[in-house]
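Thanks for coming, everyone. Please have a look at the chain on the screen before I start.

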Amino acid sequence: MIRQYLVGGRVQGVGFRMFVARETSALGLAGWTRNLPDGRVEVVASGREDTILQLEKALAQGPRMAVVTGLDKSNISDDIELPKTFLVK
């Protein structure tokens, strides 16, 4: 399963991408995260459905200094080529 998340709120400048990297590493997920010009953070993750759902719960909470006000998600075709590990862009 591959899912894209767009996380809104106070999510840039608060260590959100490093938080995502730690969470995905612990869950054994592949993909990437990056800041977007509109202030959101994009997360694309690939793995088992149960671990993707665990990541989703973590994203909704965020790290201590973050304030998550929106979490949009969409499934992505399995045809997309992802890195074998998780990258912070």
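This is a predicted model: local features need pLDDT of at least 70, side-chain atom pairs count only at pLDDT 80 or more; totals for chains, interfaces and linings use all residues.

Now the pairings around E2, residues 30-35. E2 and E5 run parallel, joined by 3 bridges. Glycine 31 stands opposite phenylalanine 86 of E5. Threonine 33 faces valine 88, also in E5. With E3, the pairing of E2 is antiparallel, and 6 bridges hold the two together. Threonine 33 turns up again here: its bridge partner in E3 is valine 43. E2 and E3 form a hairpin with 5 residues between the strands. Glycine 39 in that hairpin takes a positive phi, near 95°. As background, strands of a sheet pair through backbone hydrogen bonds, either parallel or antiparallel.

Check the length of H2. At 1.5 Å a residue, its 13 residues should span 18 Å. The end C-alpha atoms are 19 Å apart, which agrees.

Which residues of H2 are buried? They are Thr51, Ile52, Leu55, Glu56, Ala58 and Leu59. Seen down the axis, the buried residues of H2 fall within an arc of 165°, so they line one face of the helix. What do the buried residues of H2 pack against? Against E1, H1, E3 and E4. Lys57 and Gln61, on the other side of H2, are exposed. After the helix comes glycine 62, with a positive phi near 75°.

Let's zoom in on threonine 51, which is in H2. Is threonine 51 buried or exposed? Its relative accessible area is 6%, so threonine 51 is buried. A polar atom of its side chain lies 2.8 Å from the backbone oxygen of arginine 48. Leaving aside neighbours within four places in sequence, threonine 51 is in contact with Leu27 and Leu29.

Threonine 69 sits in strand E4, residues 67-76. With 64% relative accessibility, threonine 69 counts as exposed. The cut-off for exposed is over 50%. What does threonine 69 touch? Not counting residues up to four places away in sequence, Gly8 and Gly9. The side chain of threonine 69 reaches the backbone nitrogen of glycine 9 at 3.4 Å. How far is threonine 69 from leucine 27? They are 42 residues apart in sequence and 24 Å apart in space, C-alpha to C-alpha.

To recap the pair: threonine 51 is buried, whereas threonine 69 is exposed. That's the tour.

Key. Residues are numbered from 1 along each chain as its sequence is written. Side-chain values use heavy atoms; hydrogens and water are left out. Helices (H or I, at least four residues) and strands (E, at least two) are DSSP runs, numbered from the N terminus. Buried means under 20% relative accessible area, exposed over 50%, partly exposed in between (1.4 Å probe, protein chains only). Contact means heavy atoms within 4.5 Å. A polar contact is a pair of N or O atoms within 3.5 Å; within protein, one must be able to donate a hydrogen and the other to accept it, and residues adjacent in sequence count only if both atoms are side-chain atoms. Two strands pair if DSSP finds at least two bridges between them. The expected span of a helix is 1.5 Å times one less than its number of residues. The arc is that of the directions from the helix axis to the C-beta atoms.
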